[in-house]
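The following exercises concern one protein chain. Please inspect the sequence and the model before reading the solutions.

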Amino acid sequence: MKSLDHEAVLHQLIKAETAQREVRSMAYQMRVARFPSHRDLAGFDFAHAQLDEALVRQLPHPSLRGVGAQRGAGRWPRHG
């Protein structure tokens, strides 16, 4: 292993400390933001909701939103 002078050692320590502070800061910001946890319909209890389960399950998947929007497909029908 190559011998390092004191300046190189200090430089590496400062880089490590800076990286560790950035990781701690990001973890803190994520906790404070309180982003909602991932949820899907698999765990949803339709028995306690005033929703039609069959109708909800027919809705397009969120990943498909915007598909065909240029042609007007996928828009909600207007009533009234």
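**Confidence and conventions**

The chain has a mean pLDDT of 79, and 72% of its residues reach 70 or more; pLDDT is the predictor's confidence in each residue, from 0 to 100. The model is predicted, so local features need pLDDT of at least 70 and side-chain atom pairs count only at pLDDT 80 or more, while totals for chains, interfaces and linings use all residues. Residues are numbered from 1 along each chain as its sequence is written, and side-chain values use heavy atoms, with hydrogens and water left out.

**Exercise 1.** State how many helices and strands the chain has, and locate Arg34.

*Solution.* Step one: the secondary structure comes to two helices and zero strands, taken as DSSP runs numbered from the N terminus (helices: H or I, at least four residues; strands: E, at least two). Step two: Arg34 is found in the loop between helix H1 (6-33) and helix H2 (53-58). Step three: although Arg34 is not a glycine, its phi is positive, about 50°. Step four: Arg34 counts as exposed because its relative accessibility is 72% (buried means under 20% relative accessible area, exposed over 50%, partly exposed in between; 1.4 Å probe, protein chains only). Of the 80 residues of the chain, 4% count as buried.

**Exercise 2.** Determine which aromatic residues form a pair, and classify its geometry.

*Solution.* Step one: rings of Phe, Tyr and Trp (its six-membered ring) pair if their centres lie within 6.5 Å; planes under 30 degrees apart count as stacked, over 60 as edge-to-face and the rest as tilted. Step three: the pair consists of Phe44 and Phe46, with 4.8 Å centre to centre and 75° between the planes, and is edge-to-face. Step four: Phe46 is buried because its relative accessible area is 10%, whereas Phe44, at 38% relative accessibility, counts as partly exposed.

**Exercise 3.** Identify the residues that Arg57 touches, not counting residues up to four places away in sequence.

*Solution.* Step one: Arg57 lies in helix H2 and, at 45% relative accessibility, counts as partly exposed. Step two: with contact meaning heavy atoms within 4.5 Å, Arg57 touches Leu41 and Phe46. Step three: Arg57 and Leu41 are 16 residues apart in sequence, and their C-alpha atoms are 8.3 Å apart in space.

**Exercise 4.** Determine over which residues pLDDT stays under 50.

*Solution.* The stretch is residues 69-74, for which the model has three contacts beyond four places in sequence.
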